Amino acid sequence: MTGFICFDKPKNISSFSAVSILKRLTNEKKAGHAGTLDPLATGVLPVAFGGATRFIELFNTHDKAYEATIKLGMTTDTLDVTGKVLSQSKSEVTSEALFSVLEGFKGRIKQTPPMYSAIKKDGVRLYEMARKGIEVERSEREIDVYSIKCLHFDEEAQEFTVSVECSAGTYIRSLSSDIGKALGCGAVMTALRRTKALGFTLEDCVTEEKIKDLAAQGRISEALISVEDALKYDSVTVSEKQAVRFHNGGFLAADRISRQLEACAYYKVYSPSGEFVGIGEVSDDGENLNVKRVYMGDSAK
């Protein structure tokens, strides 16, 4: 089986466990997820099967979108509600103050990754150090917050929900903490739902219950998104001989292809019969369509 299942990850399981569930239900050995979700988080988790795992890096976009619920007046060591409470205080933030602060988090901003993250420092994952009570210095990173909107603010409970569209590498827990700092009261994330990742949305997702039903009926393929459908590149149809050459790893001369190609761009390559052959990348000078990845069903090279 080759393709992607967009899984609506349930709460309180790791992304690794989510993949294990799908491997068991589909009887597939080779699978991997794209974009880790914390156990607390739910929502869009793209999982690749078979040869599709080799295409994960070729997605057109790695931007993401989330809905997060944030509690004011509290801080924890994990920056979310699951961690050890470090401080608690009475918060009296108004909606006007909240909306004003949120405006300051739009655009390109700097963010320090949390200690409880999978980033490596000297070959060791930060969360492994954090569990031992070790905190190390982390370098700030530039991220892009394309939009951040308050969906609901319970002023009495001092809790609000925001929708965030952002670049890859953005930690919503860190964003929540930074908002709390800017408001002067601290904040922790209490819930997180990813609504978009790698171009997939919640509408593309299937739940664990749905997967179980499909598996029981032998219809698991209905949940599978093909590699060619998942990658949103322009397509080019080549001759039969060119398709064979490309499939064998050979580049194609751009001037011998029926359509004009843009330098440095990726294209989905098809044979005359409509068979998906793979992904090609146009050379810097625009003269050749080089092989980026060959599609081979349950394997890819």
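**Starting from one serine**

Mentor: Let's start at S15, which sits in helix 1. Keep in mind that this is a predicted model.

Trainee: OK. Is S15 buried or exposed?
Mentor: S15 is buried: its relative accessible area is 2%, and the cut-off for buried is under 20%.

Trainee: What is S15 in contact with, leaving aside its neighbours within four places in sequence?
Mentor: With those set aside, S15 has contacts with K9, H33, T36, L37 and L45.

Trainee: Let me zoom out. How many helices and strands are there in the chain?
Mentor: The chain has seven helices and 19 strands. Its C-alpha trace spans about 70 × 50 × 40 Å along the principal axes.

Trainee: And what share of the residues is buried?
Mentor: Of the 301 residues in the chain, 48% are buried. As for contacts between residues at least 6 apart in sequence, 66% of them join residues at least 24 apart.

Trainee: How does the lining of the largest pocket split by class?
Mentor: It has 18 nonpolar residues, 13 polar and seven charged.

Trainee: How much space lies in the second largest pocket?
Mentor: About 510 Å³. Its lining has 27 residues, with L79, E135, R138, S177 and K181 closest to the centre.

Trainee: New topic: which residues of helix 2 are buried?
Mentor: In helix 2, residues 95-103, the buried ones are S95, L98, V101 and L102. Viewed down the helix axis they fall within an arc of 130 degrees, so they line one face of helix 2.

Trainee: And which residues are exposed on the other side of helix 2?
Mentor: E96 and S100.

Trainee: What do the buried residues of helix 2 pack against?
Mentor: Against strand 10 (141-154), strand 11 (159-166) and helix 4.

Trainee: Tell me about strand 11. How many of its residues are buried?
Mentor: Six of its eight residues are buried, so strand 11 counts as mostly covered. Strand 11 pairs antiparallel with strand 4 over eight bridges, and V162 in strand 11 is the bridge partner of A68.

Trainee: What about strand 10 and strand 11: how many bridges join them?
Mentor: Eight, and those two strands run antiparallel as well. Here V164 in strand 11 is the bridge partner of I148.

Trainee: What do strand 10 and strand 11 form, and what lies in the turn?
Mentor: They form a hairpin with four residues between the strands. In the turn, Q158 has a positive phi of about 55 degrees.

Methods: Residues are numbered from 1 along each chain as its sequence is written. This is a predicted model: local features need pLDDT of at least 70, side-chain atom pairs count only at pLDDT 80 or more; totals for chains, interfaces and linings use all residues. Side-chain values use heavy atoms; hydrogens and water are left out. Ala, Val, Leu, Ile, Met, Phe, Trp, Tyr, Cys and Pro count as nonpolar, Asp, Glu, Lys and Arg as charged, and the others, Gly among them, as polar. On a 1 Å grid over the protein atoms alone, a cavity is a set of points where a 1.4 Å probe fits but cannot get out, and a pocket is an open set with protein on both sides within 12 Å along at least five of seven lines; lining residues have an atom within 4 Å of a point. Grid points are joined across faces, edges and corners, and a volume is the space filled by probe spheres set on the points. Buried means under 20% relative accessible area, exposed over 50%, partly exposed in between (1.4 Å probe, protein chains only). The arc is that of the directions from the helix axis to the C-beta atoms. Contact means heavy atoms within 4.5 Å. Two strands pair if DSSP finds at least two bridges between them.
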